[in-house]
Amino acid sequence: MNTYIRIPNTIQSFNNTESRIAKTISGRSVYVLEGEIENPCTEYCFNCNCVMHIHSRQTRSLRHIPFGNTLTELRFIQNRYFCQHCHATRNQLIPFKAKEHFITTELESYAGKLLAFGLTNKEVSEITGLNKNIIKAIDLKRLKDLYTIDGETLIAPEEQARFLGVDEFKLHNGHKYATVIVNLENGHILWIAHGKKKEVVFSFIEHVGEEWMDGVEAVACDMNSDFQEAFEEKCQHIQVVFDYFHIIKNFNDKVISEIRKDEQKRLVSEGRYEEAARLKKTKYILTSSRALLEAKDREGEQGKVIEKSGEIFRRNEVVRKTSYVDLYESLIRENKLLFTVDLIKEKLSAAYALTDEVKMSGAVSEIMVLCHGTGNDHFLWFERLIDRHFEGIIAHATYKISTGRLEGINNKIKTLRRQGYGYPDDDYFFLKLFDASRKVYIRNQKSHKI
């Protein structure tokens, strides 16, 4: 027995005459709403403007908005018209059909709203019952309408930015990278392009225009000399700033880690195996700040820390009686180079807290003298690094900006990749990032009503 279902929506020009429940191949229920197109207009030939006659009829099916977990499908007859004068043919216009898919315009709009809310393509596909390729096409059209002018060119920045951030990220395996430029004041991505060379910055400047760039005061970036040289070449008024994160990262990776390895080898070669063993699994301790080590000690005493490389406490059990801070103190007392490492870490932290470029210049110069005095290759490398980037380092005293926003973008990149199981289409991925950077963060947003 058929059950009549009246469509509770705003579909125009469709008259539902009969309904039934069917099953999809996957076993999911679907309401099949049979009907007809209301008030068909007289069709005129697009060649000769003569009245066209019905030549044939065919059954059409369009997927519609689901009712709860039950899918919905419209089924109706579509006429095919024929011009007796010039023999042209055309199909009857379906006013409620999406342009590029066999779905209703309402379902296309509904899927777009779910995507805009933040649901993944897979989740929207499961809700609507549409193929993932259709969902991607709907999302791509939505993003292009929002963030491009002609479907290809990114829109110009919505507002003037005083401070920019620029960084590269790994796009695919095989040393393929992309560069992202961000407005540091609101976190909006302004530009994404393949590569990590000067040309990316040049393309961005051409995109926004020299007048817009005149309003930019400073840009935060890593130690990539290409970015620095590009801004200095095209926009000499913009101050390049190197933040604390990248300086300390270079110091940790290229100085502390290498010195620890060298000292282990030296102690082993001298037969001091016990002292060499004490340096094993201490990278975490040596590269951490005292404040962090003290916090870890407190957590360890409360049984909150799970044992891992370099950590002292495991949950509900003390693994080693020596605390982080005590172990760190013993390490730097026993080794002159490690003591110098500790001294430079403290001076770097103090220098980046200064708000006067002259004072910061003196503090950074002291660090360079300390590095030079050791005669160690790794410290000498760090001295040269500071010397090459000296102006951008001390500029931090005037412009308290960092690449923190870019690290947030990197987290969004990882999240999007994980949710989407990778994005082989780079242009689509870039637009997804563009959109993600403009969303207001809502804690547990999926628990909110759509």
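Residues 24 or more positions apart account for 57% of the contacts in the chain with a separation of 6 or more, where contact means heavy atoms within 4.5 Å. This is a predicted model, in which local features need pLDDT of at least 70 and side-chain atom pairs count only at pLDDT 80 or more, while totals for chains, interfaces and linings use all residues. Residues are numbered from 1 along each chain as its sequence is written, and side-chain values use heavy atoms, with hydrogens and water left out.

**The chain as a whole**

- The chain has 17 helices and 12 strands; these are DSSP runs numbered from the N terminus, with helices being H or I of at least four residues and strands being E of at least two.
- Of the 450 residues in the chain, 45% are buried; buried means under 20% relative accessible area, exposed over 50%, and partly exposed in between, with a 1.4 Å probe and protein chains only.

**An open sheet and its helices**

- Look for the open sheet of 5 strands in the order 8-7-6-9-10, with mixed pairing; two strands pair if DSSP finds at least two bridges between them.
- Strand 8 (189–194) and strand 10 (239–241) are the edge strands, each pairing on one side only.
- On average, neighbouring strands of this sheet are turned by 25° against each other, direction ignored; axes are lines fitted to C-alpha atoms, for helices over the stretch in contact, and angles run from 0 to 180 degrees between N-to-C directions.
- Strand 6 (residues 163–172) and strand 9 (residues 218–221) run parallel and are joined by 4 bridges, with Leu164 having Val219 in strand 9 as its bridge partner.
- Helix 6 (residues 225–234) packs on the sheet, touching strand 6, strand 7 (176–183), strand 9 and strand 10, and its direction makes about 140° with that of strand 6.
- Helix 16 (residues 404–420) also packs on the sheet, where it touches strand 6, strand 7, strand 8 and strand 9, and its direction makes about 30° with that of strand 6.

**Strand 2 and its partners**

- Strand 1 (residues 14–23) pairs with strand 2 in the antiparallel sense over 9 bridges, and Ile21 stands opposite Tyr31 in strand 2.
- The hairpin of strand 1 and strand 2 has 5 residues between the strands, and Gly27 there takes a positive phi near 95°.
- Strand 2 also pairs with strand 4, in the parallel sense over 5 bridges, and here Val32 stands opposite Glu73 in strand 4.

**Two residues with positive phi**

- Most residues other than glycine have a negative phi.
- Asn49 has a positive phi of about 65° although it is not a glycine; Asn49 sits in the loop between strand 2 (29–37) and strand 3 (53–67) and is exposed at 56% relative accessibility.
- His87 has a positive phi near 65°; His87 lies in the loop between strand 4 (70–82) and strand 5 (89–91) and is exposed, with a relative accessible area of 56%.

**A pair of helices**

- The axes of helix 12 (residues 336–351) and helix 13 (residues 357–374) come within 10 Å and cross at roughly 170°.
- That makes helix 12 roughly antiparallel to helix 13; angles under 35 degrees count as roughly parallel, over 145 as roughly antiparallel, 65 to 115 as roughly perpendicular and the rest as oblique.
- Residues making this contact include Leu343 and Leu348 of helix 12 and Val364 and Ile367 of helix 13.

**Cysteines**

- A search of the whole structure finds 0 disulfides, a disulfide being a pair of cysteine sulfur atoms within 2.5 Å.
- Cys50 is in no disulfide, and its nearest cysteine sulfur, that of Cys48, is 3.5 Å away.
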